[in-house]
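Welcome, and thanks for taking a look at this one with us. Please have the sequence and the coordinates side by side as you read.

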Amino acid sequence: MNIVGTWKVSHIKGCDEKDNAVLLNEEEYKEFLIRSEYPAERMKERMMAFGQKFRFTEDNFVETMLPIPDDLSREEIDEIVAAGDAKVVDGMMVMSASDPEEAIQWKEENGKFFAMAEFNFETNEFDWSEINVVDDNTLDYMLFRIVREQ
């Protein structure tokens, strides 16, 4: 399998009515947030995750693609890009790591896929987290179930 390409969020990990950890689609996740009594502003922020995408590049990086906020002007976007803080890919904003060595990478080992996770201060290296392959068009990555964009 080849994971290179763009993937969009279809489900996010949350809890069902019995407090079991499950993958929830957009409607179910919104119900979960309401049940959990999230404030409206926090709920709005959390729901934005369904608009993001992940791009696994040929050179083994993972880019998180975010919708460009409606209130950003073209000039503001150009300034952000010129400063090296982000780039625009397929009409979405990709934030740049302040240190290129901290950019999220992915790798394949023995037919399994992994992505950089948190920094391990004991080893002074990043730990790697397995990306679960559900099928050729579906991955479990971090807190998300993502599907290949066609």
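Which residues of strand β10 are buried on one side, and which on the other? The model you see is predicted. In strand β10 (residues 138-141), Thr 138 and Asp 140 are buried on one side, while Leu 139 and Tyr 141 are buried on the other. Both faces of the strand are therefore covered, as buried here means under 20% relative accessible area. In a regular strand, side chains alternate between the two faces of the sheet.

Next, let us look at the partners of β10. Strand β9 (residues 125-135) runs antiparallel to β10, and strand β11 (residues 144-148) also runs antiparallel to β10. The table sets out the two pairings.

| Pair | Bridges | Residues between the strands | Facing residues |
|---|---|---|---|
| β9 and β10 | 3 bridges | 2 residues | Val 133 and Leu 139 |
| β10 and β11 | 4 bridges | 2 residues | Asp 140 and Arg 145 |

Each pairing forms a hairpin: β9 with β10, and β10 with β11. In the turn of the β10 and β11 hairpin, Met 142 has a positive phi of about 55 degrees.

Now for the surface. Asp 70, Asp 71, Glu 75, Glu 76 and Glu 79 gather there in a patch of negative charge. One of them, Asp 71, lies in the loop between β4 (62-67) and α3 (74-82). Is Asp 71 buried or exposed? Asp 71 counts as exposed because its relative accessibility is 68%, and the cut-off for exposed is over 50%.

Notes
Residues are numbered from 1 along each chain as its sequence is written. This is a predicted model: local features need pLDDT of at least 70, side-chain atom pairs count only at pLDDT 80 or more; totals for chains, interfaces and linings use all residues. Side-chain values use heavy atoms; hydrogens and water are left out. Patches are made of residues with over 30% relative accessible area and no salt bridge: like charges are joined within 9 Å, nonpolar side chains (Val, Leu, Ile, Met, Phe, Trp, Tyr) within 5 Å. Accessible areas come from the Shrake-Rupley method with a 1.4 Å probe; for residues, only the protein chains shown count as cover. A salt bridge is a side-chain nitrogen of Lys or Arg within 4 Å of a carboxyl oxygen of Asp or Glu. Lys and Arg count as positive and Asp and Glu as negative; His and the chain ends are not counted. The place of a charge is taken as NZ of Lys, CZ of Arg, CG of Asp or CD of Glu. Buried means under 20% relative accessible area, exposed over 50%, partly exposed in between (1.4 Å probe, protein chains only). Two strands pair if DSSP finds at least two bridges between them.
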